[in-house]
Amino acid sequence: MQVPDILSIVTFLPLVGALLTMAARSDQAIRVTALAVTTATFLISVLLWTGFSVADAAELQFVSGGFNLISEAYDIRYLLGIDGISLLLVLLTTLLGPIVVLSSWKYIDRHVKGYYTLLLILQTGMTGVFCAFDVVLFYVFFELTLIPMYFLIGIWGGEERIYAAVKFVIYTMAGSLLMLVAILYLGHAAGQAVNDGLFTTDYFKLVEYNVPISTQTWLFVLFALAFAIKVPMFPFHTWLPDAHVQAPTGGSVILAGVLLKMGTYGLVRFCLPFFPHAAAEQAVLFGTLAVIGIIYGALVSRAQPDAKKLVAYSSVSHLGFVVLGIFAFTLTSLQGAVIQMINHGLSTGALFLLVGMLYERRHTRRMADFGGIARSVPLLTFFMVLTALASAGLPGLNGFVGEFLILVGSFGSSIPGMTVLTAFATTGVILAAIYLLWMLSRIFFGPVRNEENQTMPDLNRRELIILVPLAALMILMGVMPQPFLERSEPATAQLLELVQAKQSAAPDEPSRPSQKNMPDDPVREGGFEVRAEPDTSQTQGMIPYASMLQAMDH
Amino acid sequence: MGADRAILLIVLLPAAGAVLNGLLPLFWPQLRRSEALIGTIGTAVIAVPFVLAVTLFLQGFSEPEVVPFYTWMGAGDFSVSVAYRIDHLSLIMTLVVTGVGALIHLYSIGYMHGDRSFWKFFAYLNLFIFMMLNLVLADNLLVLFLGWEGVGLCSYLLIGFWYEDFKNSAAATKAFVMNRIGDFAFLLAMFILVREVGSLSFSAIFAGADQMSAGTLNAVVLLLFIGATGKSAQIPLFTWLPDAMAGPTPVSALIHAATMVTSGLYLLARMSSVVLMAPAVMAAIAVTGAVTALVAATIAIAQTDIKRVLAYSTVSQLGFMFMASGVGAFFVAIFHVVTHAFFKACLFLGSGSVIHGMHHVERKLRHEGYNGAFDPQDMRTMGGLKRFMPQTRLTYMIATLAISGIPLTAGFFSKDEILFKAFEFGYDGHAFAWFVWAVGIGTALLTAFYMTRSYMLTFEGTSRWPRAAAVHPHESPWTITGPLMVLASLSLAGGFIGLPKLAEKLGLSNWIHSYLASHGPVAEIAATAHVSTGMEIGLILLGSLVAVGGVWWAWRFFARHELAGDGHIRVRFGGLYRWWKRSYFWDEFYGKVAVKPVIDGAEKALAPLDSAVVDGLVNAVARMALRTSSMVRHLQTGVVQAYALAIVLGVVVLIALMAG
């Protein structure tokens with residue numbers, strides 16, 4: 001049931017949709033178009049899930065493209081594909097697509113065309129980020145998300161939207177420009193070493209290339225800084241609360257749900273395999289910053305009078321867990337980190353949706369303006385309590401699975417100091433209960449202090465359609481996370497093996513060990529398992545990378 | 001039916017009840033009014049599992065049976081299954097949870113009648129039983145932890161059930177957060193076990209425990225014990241339980257007396273073979289239990305709210321159970337869990353019946369135009385209720401005698417066994433056990449005193465509410481008194497499952513001891529020095545004397561002082577009274593040293609620091625950027641589509657380039 005280039009369709013269908021919305025006449029037509037396009041994209045992306053071969057989850061599947069992007073003088077390719085890690089993130093992105101469109105249905109009432117157009121462009125950027133296996137292509141998608149988000153905040157945002165939007169763009173751009181420098185350098189160096197002198201940003205060639213120890217550290221810093229700002233890690237997080245508070249609900253959902261994951265994804269996908277020595281050296285630093293983020297984010301969250309800001313700071317805390325899991329270098333913690341990216345996307349996305357629904361009813365997000373509304377909005381209360389509990393890591397809901405795997409994995413990490421860091425990180429489970437239950441109790445319980453809260457309407461059908469799938473996934477992934485975990489595990493396992501092999505190899509050894517040591521072994525290509533048989537006709541879209549290249553050379 | 005099927009049904013029926021009673025009425029409000037249907041479903045999904053558990057019990061089985069269902073989560077070398085374990089320990093707990101649970105569900109039909117959230121109450125209660133069954137039936141620590149946090153959630157939801165009062169919601173939050181502090185320790189214990197043993201399943205832990213270093217073992221047991229102090233309300237994490245009385249009374253009976261709060265004891269019993277390897281921590285467990293028992297008993301003397309007396313009494317009785325665990329007598333701890341479930345549930349449900357009656361009084365008074373203060377839970381305004389509520393009074397009295405340890409009641413056997421085991425442990429050369437034993441004897445005396453006080457203030461003497469001559473309550477309906485009768489009978493007779501060693505002379509044996517010891521779910525220490533029969537008889541006489549003496553003391557005291565509330569207690573105990581009345585200022589202390597510093601630190605230091613310093617540095621740069629980007633800003637207004645178009649064009653150009 002393979003559709004050719006299904007991945008390119010999933011990636012670019014929203015962009016095509018953006019063109020359609022620009023052609024649409026009425027506001028309603030624009031909304032319907034956007035909903036239809038994002039829903040279609042999601043449905044097509046389900047084929048990625050069903051067609052994904054779990055047995056080969058470490059391999060690149062649904063490979064699309066492969067041709068040179070600029071010219072033969074540069075080995076920069078249009079190459080999309082997904083392994084188990086990308087699969088989950090792509091599905092998260094496509095799932096949130098229609099949800100965000102629906103959540104904006106009533107709230108966005110001016111410049112409707114612009115809003116949905118940007119939203120759709122944004123989705124292409126986000127999807128591309130998780131599928132790109134060429135670093136320049138990744139960079140293009142990475143930056144492509146920036147501009148639409150800038151406008152989403154700057155035009156449809158709150159009072160101080162310009163400030164927040166500019167801050168968001170400048171901050172992220174500063175990081176990513178540094179990364180661009182590193183990419184160019186890396187492409188050149190790798191080209192010299194493994195690509196017969198031809199500049200290359202091909203992911204697998206960069207993985208194959210052993211970056212000399214002397215340059216690893218600063219290249220790592222340039223990459224990691226860009227991603228640390230995106231995550232955001234303490235102390236680079238201050239753009240986030242501003243951006244969230246100012247952004248319209250849809251923007252916040254995308255921001256928390258997907259954009260932040262680009263940072264953690266980048267750390268996993270690039271920083272670890274490209275610069276394993278530097279990553280190991282800096283592991284304690286990153287772990288420490290992550291743990292500070294967990295505790296600091298939670299405490300500052302508790303101090304917020306504004307519900308949206310509270311949720312924004314909770315992201316700093318939650319993503320600290322993810323970063324800790326990544327830099328603990330154990331399979332269990334890395335798996336936890338990957339699944340926690342999805343969990344956070346679902347539950348924090350839902351929290352922003354719910355805060356947005358409250359805002360649409362009362363035009364305030366100050367918790368003090370609410371109180372006792374559980375009586376008037378039982379459905380909204382139910383979903384908020386469920387989501388808050390998922391976010392607080394209650395067993396049986398999704399957040400627990402990620403947190404537990406991260407913590408139990410990090411605790412057993414062989415990196416000195418990681419055990420102590422994990423113990424500190426675990427206090428996050430207490431702190432999360434404090435700020436989330438505080439929020440629930442302020443908004444939903446206690447006496448009704450304000451007449452307007454007495455008559456608040458409960459969720460309507462559109463809002464239920466938004467929330468039910470998210471709630472269902474939170475429960476499903478809490479009770480039965482295995483189908484998700486087993487799809488990403490082969491990929492994370494292979495990544496970690498590669499990183500550890502590189503780490504244990506003598507530094508500065510010849511840069512093409514695989515070629516020198518086993519020149520005739522077709523199974524290993526840049527450390528990634530590639531199917532031995534070159535038969536591409538019936539490989540269900542999992543075009544073995546090596547044979548694909550051969551095919552293109554002809 | 002095979003054991004695996006039965007277990008699946010036992011666990012899943014309450015879950016189905018929670019879904020039926022919770023989700024359906026949530027989405028279809030017209031269903032919320034059908035109390036009869038909701039109450040019947042809610043009770044049936046607990047009663048059927050009880051019957052199934054009884055069947056399993058009667059069938060008997062020779063070996064612990066593990067019933068795996070599916071892999072819950074696995075990553076790398078770490079993997080955990082949803083698997084249940086049926087052995088003598090889990091079966092006894094299942095019987096208590098579903099048996100007492102079913103009675104309390106039945107009771108709630110009458111008690112919650114007319115409440116607008118009747119449906120929600122039964123959904124939460126069903127969910128609670130589901131979680132509690134996961135806790136006691138789990139075959140590994142993680143599923144146990146699922147139940148552990150799950151019952152904590154239900155406790156949170158039910159304490160805050162009447163959330164319109166902010167106090168209740170605050171009490172709920174307090175309970176959850178304090179439990180989470182314990183859970184933090186529980187999590188760390190699991191992390192250590194995974195690192196050392198590689199698994200969380202009980203069999204793997206038991207097999208791998210002796211390969212751990214002494215330090216690691218002590219750490220694991222200590223952390224698990226700290227977790228237990230949270231759930232089972234021991235020092236230092238006990239202050240949430242009295243506040244938890246904000247929940248409806250059936251909740252106090254089921255969750256905060258009979259079942260959930262005994263989870264900590266269950267955990268220690270389940271892990272008993274590991275706990276026994278950490279003798280230093282065992283001493284800490286026993287001493288903590290003893291001190292908690294004494295502290296809570298003294299506080300109970302000075303309480304005037306009938307439910308708060310019972311709450312502190314629960315803390316105190318749980319302390320007794322920890323004493324037993326700490327001297328290695330885990331099966332006695334479980335024995336006391338069982339008898340306590342009977343008499344404390346009976347007491348709480350009895351107090352609920354009383355409160356029900358006093359509410360009726362209040363309604364009548366209000367109807368007649370009385371608008372002074374009236375607290376239906378304050379014993380100072382009760383008195384003489386035996387005339388109006390004879391069945392409630394009888395059952396409350398029986399349960400009071402049982403908890404006081406009057407000979408041949410359930411509480412007598414279990415408490416006596418705890419004290420005996422502490423004595424024996426001391427005799428065996430563990431000095432701390434003497435301390436534990438002595439505190440236990442003293443606390444037993446206080447227990448008889450404060451419980452008799454609560455009985456006297458409530459049921460004896462003259463009625464002290466306003467216009468008492470004209471307005472009076474009447475007895476509760478059968479759904480309330482029925483469960484009371486059953487529980488009172490069990491409070492009388494339930495102790496015979498654990499006869500003292502002395503009974504061996506008569507050819508009788510301690511059933512619960514041999515039941516829990518067979519096939520080894522509960523480990524124990526074999527005493528090396530034997531307490532002689534004469535000494536045992538002496539101890540039993542001492543225990544009986546203390547119980548009878550305490551009851552007699554309180555009876556005399558309150559009969560003489562005409563039951564006028566606690567004025568005389570204040571005189572009698574002087575300066576201590578203030579400390580008892582205010583719970584030794586424990587809450588105030590935590591407020592000063594923990595809550596306030598954290599909240600103030602977050603609000604007054606961290607949040608300002610975040611915007612002034614962390615963000616301040618960034619803004620210095622951002623402001624520069626703002627100035628330089630002002631041009632871009634001018635371009636921005638109103639030409640969004642143009643920008644979108646530009647981006648699209650850019651992409652098109654890119655694609656064109658790719659093709660070329």
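A residue goes down as buried with 20 or more other C-beta atoms within 10 Å of its own, as exposed with 12 or fewer, and as partly exposed in between.

**Ground rules.** This is a predicted model, so I keep in mind that local features need pLDDT of at least 70 and side-chain atom pairs count only at pLDDT 80 or more, while totals for chains, interfaces and linings use all residues. Residues are numbered from 1 along each chain as its sequence is written, and chains are lettered from A and ligands numbered from 1 in the order in which they are written.

**Entry: helix H22 of chain A.** I looked up H22(A), residues 482–504. At 1.5 Å a residue its 23 residues should span 33 Å, and I find the end C-alpha atoms 31 Å apart, which agrees; the expected span is 1.5 Å times one less than the number of residues. The helix bends by about 35 degrees at Glu489(A), and Pro490(A) follows within four residues. That bend is the angle between axes fitted to the seven residues ending there and the seven starting there. Buried residues of H22(A) include Arg487(A), Glu489(A), Pro490(A) and Lys502(A). What do the buried residues of H22(A) pack against? I get H3, H11, H12, H15 and H21 of chain A, together with S1 of chain B.

**Entry: chain A overall.** I count 24 helices and 4 strands in chain A. Its radius of gyration is 23 Å, close to the 24 Å that the globule rule gives for 554 residues, so chain A is as compact as a globular protein of that length. The radius is taken over C-alpha atoms, and the rule is 2.2 Å times the number of residues to the power 0.38. The C-alpha atoms fill a box of roughly 75 × 55 × 40 Å along the principal axes. Buried residues make up 65% of chain A.

Entry: I went looking for cis peptide bonds and found one joining Val231(A) and Pro232(A), with omega about -10 degrees. Another runs from Phe234(A) to Pro235(A), with omega near 5 degrees. Pro232(A) sits in the loop between H9 and H10 of chain A, and Pro235(A) is also in the loop between H9 and H10. I also noted His363(A), where phi is near 55 degrees, a positive value in a residue other than glycine. His363(A) is in the loop between H15 and H16 of chain A and counts as exposed, with 9 C-beta neighbours inside 10 Å. For context, most residues other than glycine have a negative phi, and most peptide bonds are trans.

**Entry: chain B overall.** Chain B comes to 26 helices and 2 strands. A compact globule of 660 residues would have a radius of gyration near 26 Å; I get 28 Å for chain B, which agrees. Its C-alpha trace spans about 100 × 70 × 55 Å along the principal axes. In chain B, 55% of the residues count as buried.

**Entry: where the chains meet.** I find 55 residues of chain B in contact with 69 residues of chain A. Which helix gives the largest share of chain B's side? H6(B) does, with 16 residues. By class, that side has 36 nonpolar, 10 polar and 9 charged residues. For these classes, Ala, Val, Leu, Ile, Met, Phe, Trp, Tyr, Cys and Pro are nonpolar, Asp, Glu, Lys and Arg are charged, and the others, Gly among them, are polar.

**Entry: core.** The largest nonpolar core has 444 residues, and those touching the most other members include Phe223(A), Met190(B) and Ile334(B). Such a core is a set of buried Ala, Val, Leu, Ile, Met, Phe, Trp, Tyr and Cys residues joined through C-beta atoms within 7 Å. Leaving aside neighbours within four places in sequence, Met190(B) is in contact with Val408(A), Leu141(B), Leu142(B) and Leu200(B).

**Entry: two loop residues in chain B.** Arg467(B) is in the loop between H18 and H19 and is partly exposed, with 13 other C-beta atoms within 10 Å. Tyr584(B) lies in the loop between H23 and H24, and its phi is near 60 degrees.

Conventions. Contact = placed C-beta atoms within 7 Å.
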